Amino acid sequence: MTEAVSRNRQSYWRRILGDTLVRWGARLGLVWVALLALVAVFAPFLASSIPLLVSQQGEISSPVLNYLTPLDVVLLCLFFTLLILWFLPMGLGKKLLILLGIGLLCGLAAMKWIEPPRLIIYEQYRVAESAGAYDWVLKAPIPWSPTDYLRDFGDTGLERPLDDEQRAHWFGTEQNGADVLSRMIHASRIALGIGFVATGIAMLLGVIIGGLMGYFSGVVDMIGMRLVEIFEAVPTLFLLLTFVAFFGRSLYIMMVIIGITSWPGYARYVRAEFLRLRKQDFVQAAVASGLPLGSILFRHMLPNGMGPVLVAASFGVASAILAEATLSFLGLGLVGDPSWGEMLNQAVQSSSFNWWMAAFPGGAIFMTVFAYNLIGEALRDAIDPYLGRAS
Amino acid sequence: MLLTVKDLRTYLRTGQRLVKAVDGISFKLDRGKTFCLVGESGSGKSITALSIIDLLPSSISEHPSGEIVLQSTQGGLQNLMALDEAAMEDIRGARISMIFQEPMTSLNPVFTIGEQILESLHLHYPDLSDEEAWQRALQVLRDVQLSDPETRIHAYPHQLSGGQRQRVMIAMAMACEPDLLIADEPTTALDVTVQKEILRLMKDLQERTGMGILFITHDFGVVSQIADQVGVMKQGRLVEVGDVQQIIRRPEHPYTQSLIAALPENLSKPSVVSYQEHSATVANDNEPLIRLEQLQIHFPIRKGLLRRQVDSVRAVDGIDLEIPQGQILAVVGESGSGKTTLGRGILRLVEPTGGRVLFNETDITGLSPSKLRHYRRNMQVIFQDPLSSLNPRMSIESIMTEPMKVHGIGNSREERIERASDLLRQVQLAEDSLWRYPHEFSGGQRQRICIARALCLEPSFIVCDEITSALDVSVQAEILQMLLELRDQRNLTLLFITHNIGVVEYISDETAVMYQGRIIEHGRTSQIINEPNSPYTQELISAVPRIPRLD
C-alpha cells in the first residue's frame, strides 16, 4: 500500500507511456512507425530524380524546392512544428491546438502560393549533367522519382535489384522502369495517411456518439445502439467498391468511408467505459458541484475512458492500411500515385513472377501492420491494471 | 497446544523491493480457543494467515525464518513450513480451513453450494460414498443453521443473502471438521445484526467441535465478543499479546492504547461547552435548512421486449425529515435500507420520483438543471470510497479550482489557488499537495481532500455518505474530530449516513433510523442509543459489538 502512495509523481499518461515503452515489441513497433513517418515527410528529398543542389556557373540553386507540392510543404511544416513543440514545456492540449492551427495555416498558404510546374521532365537534369552544364550536383540518396520511367535510357523495363551497375536500383524496377524503392518511399505517405485519417475520423465519431450513449443511457443509448448495429452491418469493402465505381478513385473518399464505417467499434468501447464511469463517485461529485455537462463529459470522464479506445485505434490503423492495400491490389486504388497494394497488383499482373516487386511492398505492409499491432498489444497490457505493475 | 507460530517472517517481493510484511511474530493457540489478530490495514494480519495456510505464491514471497507447528488430530505434530506441496494439500481444507471477508467472491457463482461442499468432501475423504457425502453436506448446512437446508443445497450463491453466503462459507470450511479455522475479517462486509448471528454461530461451532479459531479483524468490538487471546499487529510485528480483558481494559503498549482511544466511543468531543451552546442555537432556529416532504425514490423494474414497468424497487418510500441549520443528522440503517439513495436524492444525483426537497424553503425537485446549478454550490457530498471519488487523471489543484471557477468564486486563477491551499491547510494537508495526483495519497489523506473539495464551494449543507467506513480507526477519529471543528467554524449542516453506531453517537445531534426505505425512528441521538422505542432499533443497537469504556 505504501509503495502505491510513494510511487513516482507522474501523471497517468506518462506512466502508461513508460509502461508501454518498457516492452520490446512496442519499442520495435514505434521505431518502425517513426522511421516510416520520417521517410514519408522527407520523401521528396529521399527519392527524386531532381537534384537537391546544383551549382551552375558558380551559382548554387536547389531545383527540388521548385517541384515541392503543397502537400510536401504542409508535411514539412507540421514535422518541424512538432519537433519544436516536443521540447516546449506546455500542456498536451495546448500543443495539439497549436499544431492544428499551424497545419491549417500552412495548408491555406501552400494552396495559395505554391504551384509546382505541371509538367515534370525528369530527364532534363540527367541530360544537363551528362552534358557538363553543372560544376557539381548533389543528388537525392535514391536518384529516381517514383514516376520517372527512365525514358532517356531507352532500354528500361523489369530489372532485378542491383542488376545494372550504372543505374543502381536497390529494390529493382517495375515493368515500366520506375524504381521500386522510390515508389515505396512515396507510397508510405498513403499508408500512414489513410491509417491516421481514417482512424481519426472513426475515433471522433465513435467517442462522441459512444460518450453520449454512455452518459445519458436510456432512450439515447437504445437509439445509439441500433445505429451502431446498422453501421456494423455495412460491409466496408463493398461500400468502397461501390463508391469507387460511382465517384472515381480518390484517396480522401477512401479515408472518409473507412472512417465512417469503423466508428461503431470505438463507440461500443466508449459507451461501456462511460456507463461504468457515470457511477463513479468522482463523476457524481462533479455533478454535485454543478459543473457544466461539457466539462463532466470531456474533462472528467473522457480521459478516464480513453484507454481501450487507444488500444482499438492502434489496431484500427493497421486494418485501415490493409483495407487500402486490398483495394489497390484489386486495381481500384489511386491512379498515378503509387501505393503498396497497387505495387503488389503490378507484381501479379506481369507475365513472369518477379519476386522483388512482391516481396518489398508486401514486406512493408506486413511490417507496418505488425508494428501497429505490437504497439496496440503493449498499450493494452500497460493499461490493464490486472496485469499488474509488480513485474 | 494446537498451533505454535515461532518467529514467522514473510517477505513479499514487489518489483525490486522487498517488503517485510510479517517480521518475526510468535504466538500460540490452544484447542477450543480463539486468537484474534487485530491491526490497521497493511499491518500484515492477512499475510500472517495466508502464510500459515501457505497460500502465498512462492514467486512473490519468501520465508527467511519461522516455524509453524500444528498438532492435528490426525498426524500428530507437523511443522507446516517443512511440508511439501502435496502434504500441504492434505492439510489445507481438511485440518486447516479458511473463510474470507467477501462471501460473494469466495464462492464460485456457476456451481450450486451443494456441489461446492461435496467437492472438498470427496477430495479429502475419497472413500466416502455419494450418499454419505450428501448427508454430511446437509448436516454441515444444518450445523451452520441455514434455514431449509434441503432446498438451499441446490441454490446458487447469487440466490442467497450475504449472511447466508457467509454461513455456507463456514459450512464448507467445517465440512471436513478442521482443527483450525482461519477467519479473515469474516463479518466486515455484513450488517451488524447478521454479524452478531455469525459470531454466535462460530462460538457455538467451536464449543461443539473444539476447533481453534484464528480470527482476523480490525474491529475491537468484534474482538471483545469472540476473542480469548488477542495479538495487536503493527507493521508486521506483534506489539502486544495478551488476554482479551487485559488488552481492552489495560492495554500496555502505547500503540494498543492509541488504537483503543481512537474508537469513536472513547473519543472526547472537542469541547462540551460549544456543543451545548450549539444545541441551544439549534433549538432557537426554527427554520429548517433542509426539509423533505414525502420524498420518494422508486427504481422501475422493467421486463420483456417492450420494457414495460412491472414493479418498482422502493428505495426511499415517503420520507419526511427536517434538518435545522447547523445540525448533524445521522441516518443509520443496514445495507439496502435506502440511506445512500436518500442522500443522493436530496442532492438530486438520483431523481426523486415523488415528494419534495426544500432547501431554505425553495423546492429544488422541480428546478431545471440550469437553475439547479445555482443551488449546487450550497449542497455538497463526500463519498465513502476515497479511491474512486477523486478523478485519477486530474491534479488536486484542478479538482479543487474547477468548481470554484464555474461558480464564480475568486476572481483570478491565483486567488482560487490561494483559497484551495487555505482549505488544504484546514484539513491538515501540506500546501504542495495541490500539485500532486490522487494516487500519491493514502486513503485518509484522500478523504481529507474530498472534504476540502466539498468545502471549496462554501456550502451550507453536506451529505457525508459513510465517509469513514473505508478508513482505519485512528484515521477515522481524526476525520471525525476535524468534521466537528469545521461544523463549528462554518456553521455547517450535515447529513451523516453511516452504519457505525459508535460514530453516530460521537458525531450526531439527532439520529434517524431507516429500514426498507422508511424512517422508523427519529430523535435525539442519546435517546435513540440509550432508550430506543421501536423493536427494530432495539435489535440494531443491541447487535452492535461494544467494548467496555476506558476510564
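Predicted model: local features only at pLDDT ≥ 70, side-chain atom pairs only at ≥ 80, totals over all residues.
Local features are reported only at pLDDT of at least 70 and side-chain atom pairs only at pLDDT 80 or more, whereas totals for chains, interfaces and linings use all residues. Residues are numbered from 1 along each chain as its sequence is written, with chains lettered from A and ligands numbered from 1 in the order in which they are written.

Chain A has 17 helices and three strands, these being DSSP runs numbered from the N terminus (helices, H or I, at least four residues; strands, E, at least two). Its C-alpha atoms fill a box of roughly 80 × 45 × 45 Å along the principal axes. Of the 391 residues in chain A, 38% are buried, a residue being buried if 20 or more other C-beta atoms, placed from the backbone, lie within 10 Å of its own, exposed if 12 or fewer, and partly exposed in between.

Within chain A, the axes of helix α10 (residues 218-232) and helix α13 (residues 263-278) come within 9 Å and cross at roughly 150°, the axes being lines fitted to C-alpha atoms over the stretch in contact, with angles from 0 to 180 degrees between N-to-C directions. The angle therefore makes α10(A) roughly antiparallel to α13(A), a term for angles over 145 degrees. Here A:Val228, A:Phe231 and A:Glu232 of α10(A) meet A:Trp263, A:Pro264, A:Ala267 and A:Arg268 of α13(A), where contact requires C-beta atoms, placed from the backbone, to lie within 7 Å.

The contact between the chains takes 24 residues from chain A and 32 residues from chain B. On the side of chain A that touches chain B, the elements giving two or more residues are α1 (2-6), α14 (281-288) and α15 (293-329), and the largest share, six residues, comes from α14(A).

One site in chain B that touches chain A is B:Ser389, placed in the loop between β17 (379-382) and α15 (396-406) of chain B. B:Ser389 counts as buried because 24 C-beta neighbours lie inside 10 Å. Leaving aside neighbours within four places in sequence, B:Ser389 is in contact with A:Asp281, A:Phe282 and A:Ala285 of chain A, and with B:Phe383 and B:Cys450 of chain B. B:Gln447, 58 residues apart from B:Ser389 in sequence, is 8.7 Å apart from it in space, C-alpha to C-alpha.

Technical notes
Contact = placed C-beta atoms within 7 Å. Parallel < 35°, antiparallel > 145°, perpendicular 65-115°, else oblique.
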